[in-house]
Amino acid sequence: MLALTELGQRLRQERESKGLSLEDLQKLTKIQKRYLLGIEEGNYEVMPGKFYVRAFIKQYCEAIGLDTDAIFEEYKSDIPSTQTEDMPQQLSRVRSRKEIPQHTKGVSKAYDYLPTVLVVAGVVVVGIIIWVIAQNIVSDKNKEQANQEAPNSEVQQSNTQEETNETTAKNDNSNSEDEQSAADKKEQEKEKAEKEKAEKEKAEKEKAEKEKKDSGKQEYKEVQKTGRSATYALSGTDAFNLEVTSTQADTWLDVKNGKGNAFFSSILKKGETKEFDLTKETEARVNIGYSPGVELKVNGKAVDLPFDSSKQVRQVVTIQYQPAEAQ
């Protein structure tokens with residue numbers, strides 16, 4: 001095993017302190033486990049190219065919540081500079097594949113399948129001929145049977161007409177009863193639909209009035225914003241409930257109060273939601289390792305992240321809470 005570099009030791013210690021395995025980190029960064037192990041051991045030769053070393057180290061740092069710029073500056077002697085030595089060979093391989101005449105391969109494959117196509121076509125033609133002959137035989141038999149049954153058809157037709165008349169009379173009475181039943185059922189369904197509609201409109205009206213009343217009290221405003229951190233003040237409410245949902249990918253989530261006590265410090269999986277009742281706290285610090293697709297709600301109301309997630313992947317949001325009773 002290779003001796004760990006100072007950078008590798010620092011990254012491994014930080015990863016293990018977060019309770020993350022290399023498999024967990026692979027899910028977060030989408031970087032293969034053997035490359036992550038190569039970063040920790042300082043074995044950059046396993047990388048697909050020297051250009052990827054700095055990019056992979058940057059993703060590793062962001063996933064475990066380290067400041068990338070500070071790490072690159074502190075351990076610049078351990079991190080190789082970007083080089084492009086592999087590019088000519090890669091271009092050469094692409095060029096050689098393009099030079100292969102593709103039309104020649106297509107013609108060759110067509111000739112290989114030609115005997116099979118001819119055999120299948122022959123089988124289809126023979127099948128069609130047999131089917132036509134069989135249809136002609138069946139048609140002749142049907143004509144003979146019709147000629148034999150013709151004398152009895154008039155008697156059967158007369159009996160059938162009488163039965164039809166009796167059935168029609170019965171159906172008329174039955175239809176009259178069915179129509180009355182259908183009308184009653186339709187009236188009942190109409191009354192039920194109107195009742196449900198009125199109840200729904202009443203519930204929506206009450207909900208809208210409640211939301212309007214609550215929104216007039218609660219206030220969530222920005223206090224300051226620096227680097228990747230921002231502070232907000234929550235007031236005008238007697239509750240402090242926080243919801244965090246990850247909709248796009250797994251992310252590292254760390255939620256602590258103002259005293260540093262952790263409520264949650266682990267991976268928040270894609271599609272998962274965590275809820276926190278922080279009503280008894282005066283401050284909460286939310287550290288998001290991978291912010292794209294992360295949604296925050298305060299007391300059931302969605303609030304925006306302080307930074308554009310495409311420019312600032314890791315974000316830290318501090319919420320200072322002052323209950324309405326204390327104001």
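Me: How many helices and strands does the protein have?
Reply: In this predicted model, the secondary structure of the protein comes to 7 helices and 10 strands.

Me: And what fraction of the residues is buried?
Reply: Of the 327 residues in the protein, 27% are buried. As for contacts with a separation of 6 or more, 65% of them in the protein are between residues 24 or more positions apart.

Me: What is the mean pLDDT?
Reply: The mean pLDDT of the protein is 79, with 70% of its residues reaching 70 or more. Residues 84–109 stay under 50, and for this stretch the model has 6 contacts beyond four places in sequence. Where pLDDT is low, the predicted coordinates should not be read in detail.

Me: How many bridges join β1 to β2?
Reply: There are 7 bridges between β1 and β2 (residues 229–235), and the two strands run antiparallel. Within that pairing, Lys-221 stands opposite Ala-233 in β2.

Me: What about β4, is it largely enclosed or exposed?
Reply: Strand β4, residues 251–257, has 6 of its 7 residues buried, so it is largely enclosed by the rest of the structure. It pairs in the antiparallel sense with β5 (residues 262–268) over 6 bridges, and β4 is also joined by 5 bridges to β7 (residues 283–288), again running antiparallel.

Me: Which residues stand opposite each other there?
Reply: Toward β5, Lys-256 stands opposite Ala-262, while toward β7 Asn-257 stands opposite Ala-284.

Me: How many residues lie between β4 and β5 in the hairpin?
Reply: The hairpin has 4 residues between β4 and β5, and Gly-260 in the turn has a positive phi of about 90 degrees.

Me: Where does Asp-250 lie?
Reply: Asp-250 lies in the loop between β3 and β4. Its relative accessible area is 17%, which is under the 20% cut-off, so Asp-250 is buried.

Me: What is Asp-250 in contact with, leaving aside its neighbours in sequence?
Reply: Leaving aside neighbours within four places in sequence, Asp-250 is in contact with Lys-27, Leu-28, Ile-267, Leu-268, Lys-269, Lys-270 and Tyr-290. Separately, its C-alpha atom is 8.5 Å from that of Gly-271, which is 21 residues apart from Asp-250 along the chain.

Me: Switching to the sheet with 4 strands, what is its order?
Reply: That open sheet has the order β6-β3-β8-β9, with antiparallel pairing. At its edges stand β6 (273–277) and β9 (301–303), each with a single partner strand, so one side of each is left without a neighbour in the sheet. The twist there averages 25 degrees from one strand to the next.

Me: How many bridges join β3 to β6?
Reply: Strand β3, residues 241–246, is joined to β6 by 5 bridges, and the two run antiparallel. Thr-245 stands opposite Thr-273 in β6.

Me: Now helix α1: how far apart are its end C-alpha atoms?
Reply: They are 17 Å apart, which agrees with the 16 Å that the 12 residues of α1 (residues 6–17) should span at 1.5 Å a residue.

Me: Which residues of α1 are buried?
Reply: Leu-7, Gly-8, Leu-11, Glu-14 and Arg-15 are buried in α1. Seen down the axis of α1, these buried residues fall within an arc of 135 degrees, so they line one face of the helix. As background, an α-helix has 3.6 residues a turn, so residues three or four places apart point the same way.

Me: What do they pack against, and which residues are on the face turned away?
Reply: The buried residues of α1 pack against α2 (22–29), α3 (33–41), α4 (50–63) and α5 (68–74). The face turned away from the buried side carries the exposed residues Glu-6, Gln-13 and Ser-17.

Me: And what follows α1?
Reply: Gly-19 follows α1, and its phi is positive, near 75 degrees.

How values were computed. Residues numbered from 1 in each chain as written. Predicted model: local features only at pLDDT ≥ 70, side-chain atom pairs only at ≥ 80, totals over all residues. Heavy atoms only, no water. Buried < 20%, exposed > 50% of the residue type's maximum accessible area, 1.4 Å probe, protein only. Pairing = 2+ DSSP bridges. Axes fitted to C-alpha atoms, helices over the stretch in contact; angles between N-to-C directions. pLDDT = per-residue confidence, 0-100. Contact = heavy atoms within 4.5 Å. Expected span 1.5 Å × (residues − 1). Arc of directions from axis to C-beta.
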